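Thanks for passing this one along. Here are my notes, in the order I would go through them with you.

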Amino acid sequence: MTSLALIQVGDRQLAFPHSAIQTVERCSGSQKRICLADQEWELVDIDERFNIIANILSESLVVCFKLHPFALRCTKVGSIDDHEFTPLPSIMGAEDCYVRGFIQQEDQLVFVVDMNSIMEKGGVHCNVMLGV
Amino acid sequence: MQRDAWSLTLADGHGLAIAQQQVQEYLSNISAHIVPGCRSHCQQVVLWRKKVLPLWGAEKLDAARSIQVHKHVLIISYQDLNADSIGQADWIAICLSKQPQLISVSDGDQCEPSAEQEEYWKYSLLACFRYLDEIIPIVDFSRLTPSYRH
């Protein structure tokens, strides 16, 4: 049994390995960036399709990721055991799917996601937008 | 030989027939969770008896949402005869545009599928039969996996 990080983003609860997280911080609603120990993260949200978008919510928590220049705003941060993990049914499979499976928590469905890939895609998207 | 079957019209407009004994439960007004990035015919899951089931055949979403409520959903059981665990049942949820219709078909009603049906069901298409003016497919759900090959 492994413990995963659990965050609430909008209506969804997302789980992923703790190892993806550098730190969890508090922030103000108007804040755009966060700087810690010579590192800088851009505060972002993800939409219902896991696209990274400019921050539009006023959540007070942010998760700063290792390897990526983004900090994701969220309402809750916690952890969850993966002992009731259900893999994504093979019938649904697609190369672009970032969902690896699910964990049922009471009547809620937690999405276990490949957060590194979501952040990588977000990085490419930002580079295109900036013309990099 | 005459057999009874359920004729199903999917919410995405396609149709199929299943054997009576495959039906596990009919659900109305059930919430489905949208899973971004999945193949177009199967982008949602439903919770049923503590299981997470793929939902096949839902209508295309016109807006980004995390939950969609469906009026008619049928839970179907099937067996994967090619799997190691032969005899073990698996389940799939099917999103319907209307309630299932009980029909009677015979071996003599068999016919060829349309090109559109072949494209939609691919390797999972087992046979077709004609009922009134419609060509209705019979499907092997274990072959709906994208990686399935003959």
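Predicted model: local features only at pLDDT ≥ 70, side-chain atom pairs only at ≥ 80, totals over all residues.

1. Let's begin with chain B, where five strands form a closed barrel in the order 3-4-5-7-6. The pairing in this barrel is mixed. On average, neighbouring strands of the sheet are turned by 45° against each other, with direction ignored.

2. One pairing in chain B is worth a look of its own. Strand 6 (residues 67-79) and strand 7 (residues 89-96) of chain B run antiparallel, with eight bridges between them. Across from B:I75 you will find B:A93, in strand 7 of chain B.

3. Now to the interface. Chain A brings 21 residues to the contact and chain B brings 26. Between them, about 1,900 Å² is buried, with 69% of that area coming from carbon and sulfur atoms. On the chain A side, A:I91, A:M92 and A:Q104 lose the most area to chain B, and together they make up 35% of what that side buries.

4. Which kinds of polar pairing cross the interface? Six residue pairs are in polar contact between chain A and chain B, both residues at pLDDT 80 or more, while the count of salt bridges is zero.

5. Finally, the make-up of the chain A side that touches chain B. Strand 11 (99-105) and strand 12 (108-113) of chain A each give two or more residues to this side, and strand 11 of chain A has the largest share, with three residues. By type, the residues of this side are eleven nonpolar, four polar and six charged.

Technical notes
Residues numbered from 1 in each chain as written. Chains lettered and ligands numbered in written order. Heavy atoms only, no water. Pairing = 2+ DSSP bridges. Helix = DSSP H or I, 4+ residues; strand = E, 2+ residues; numbered from the N terminus. Axes fitted to C-alpha atoms, helices over the stretch in contact; angles between N-to-C directions. Contact = heavy atoms within 4.5 Å. Buried area = accessible area lost by both parts, 1.4 Å probe. Salt bridge = Lys/Arg side-chain N within 4 Å of Asp/Glu carboxyl O. Polar contact = N/O pair within 3.5 Å; in protein donor to acceptor, adjacent residues only side chain to side chain. Nonpolar A, V, L, I, M, F, W, Y, C, P; charged D, E, K, R; others polar.
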